[in-house]
Amino acid sequence: MTVETYPEKLAPNIQQVVPFLWVSNLEASLRFYLDGLGFEKTREWIDDGKLRWCWLQLEGAALMLQEFSPERRPPGKLGEGVSLCFQCKDALAIYHAALSQGLQPQRPFVGNAMWVTILPDPDGYKLDFESPTNAPEESLYPIEK
């Protein structure tokens with residue numbers, strides 16, 4: 001048996017991290033991500049004529065979705081405790097775009113020197129859209145009337 005050795009510092013190797021979300025209803029999730037947020041489906045796995053898995057892309061962000069089969073779905077609420085933080089140039093633009101698509105994002109607030117708007121997906125995965133700001137901490141975005 002040989003032991004592989006690696007140099008102390010490896011050459012850059014990691015290209016991207018892509019969250020893999022198990023969902024309860026792939027069609028509902030696709031409506032949310034494609035129609036609501038503007039993601040594009042760039043890869044898919046179809047088995048027996050049914051979409052089983054897909055890769056979604058929105059600019060520099062990507063997600064993978066796969067639907068649980070009924071016998072493999074875990075007990076409890078999906079998405080609980082999971083936050084995906086999207087670093088944006090303008091989180092407020094995401095907020096307005098989500099509203100225009102009939103979605104219900106949380107009112108933006110300032111946290112850690114960033115505007116943050118939060119939008120849960122159909123399974124409760126929390127999507128945080130964040131962008132740098134000079135506004136005071138804990139500021140709330142004004143609601144239009």
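**Exercises on salt bridges, loops, core and pockets**

Asp 47 has a relative accessible area of 32% and therefore counts as partly exposed, a class that lies between buried (under 20%) and exposed (over 50%), as judged with a 1.4 Å probe on protein chains only. The model is predicted, so that local features need pLDDT of at least 70 and side-chain atom pairs count only at pLDDT 80 or more, while totals for chains, interfaces and linings use all residues. Residues are numbered from 1 along each chain as its sequence is written, and side-chain values use heavy atoms, with hydrogens and water left out.

**Exercise 1.** Find the partner of Asp 47 in a salt bridge, and state how many salt bridges the structure holds.

*Solution.* Begin with the criterion, which asks for a side-chain nitrogen of Lys or Arg within 4 Å of a carboxyl oxygen of Asp or Glu. Asp 47 is paired with Arg 52, at 4.0 Å from N to O, and Arg 52 is partly exposed because its relative accessibility is 27%. Next, turn to Lys 41 and Glu 44, whose closest N and O atoms are 2.7 Å apart in another salt bridge. Lys 41, at 34% relative accessibility, is partly exposed, and Glu 44, at 41%, also counts as partly exposed. The total for the structure is two salt bridges.

**Exercise 2.** For Glu 59 and Asn 112, which have a positive phi although neither is a glycine, give the angle and the loop that holds each residue.

*Solution.* Take Glu 59, where phi is about 50°; this residue sits in the loop between E3 and E4, the E labels being DSSP strands of at least two residues and the H labels helices (H or I) of at least four, numbered from the N terminus. With a relative accessible area of 75%, Glu 59 is exposed. For Asn 112, phi is about 55°, and the loop is the one between strand E6 (109–111) and E7. Asn 112 is likewise exposed, at 66% relative accessibility.

**Exercise 3.** Name the members of the largest nonpolar core that touch the most other members, and then trace the contacts of Tyr 33.

*Solution.* A nonpolar core joins buried Ala, Val, Leu, Ile, Met, Phe, Trp, Tyr and Cys residues through side-chain atoms within 4.5 Å. The largest core has 29 residues, and those touching the most other members are Leu 21, Tyr 33, Leu 37, Leu 65, Phe 86, Leu 127 and Phe 129. Elements that each supply at least two residues of this core include helix H1 (26–36), strand E7 (114–120) and strand E8 (126–132). Once neighbours within four places in sequence are set aside, the contacts of Tyr 33 include Leu 21, Leu 56, Leu 65, Asp 121 and Leu 127, a contact being heavy atoms within 4.5 Å. A second, separate core has five residues, among them Val 18, Trp 55, Ala 62 and Met 64.

**Exercise 4.** Determine which strand gives the most residues to the lining of the largest pocket, and which gives the largest share to that of the second largest pocket.

*Solution.* A pocket is an open set of points on a 1 Å grid over the protein atoms alone, where a 1.4 Å probe fits, with protein on both sides within 12 Å along at least five of seven lines; its lining residues have an atom within 4 Å of a point. In the largest pocket, 19 residues form the lining, and Leu 58, Ala 61, Phe 86, Gln 87 and Cys 88 lie nearest the centre. E5 gives the most, four residues. In the second largest pocket, whose lining includes Trp 45, Lys 50, Arg 52 and Phe 68, the largest share is three residues from E3.
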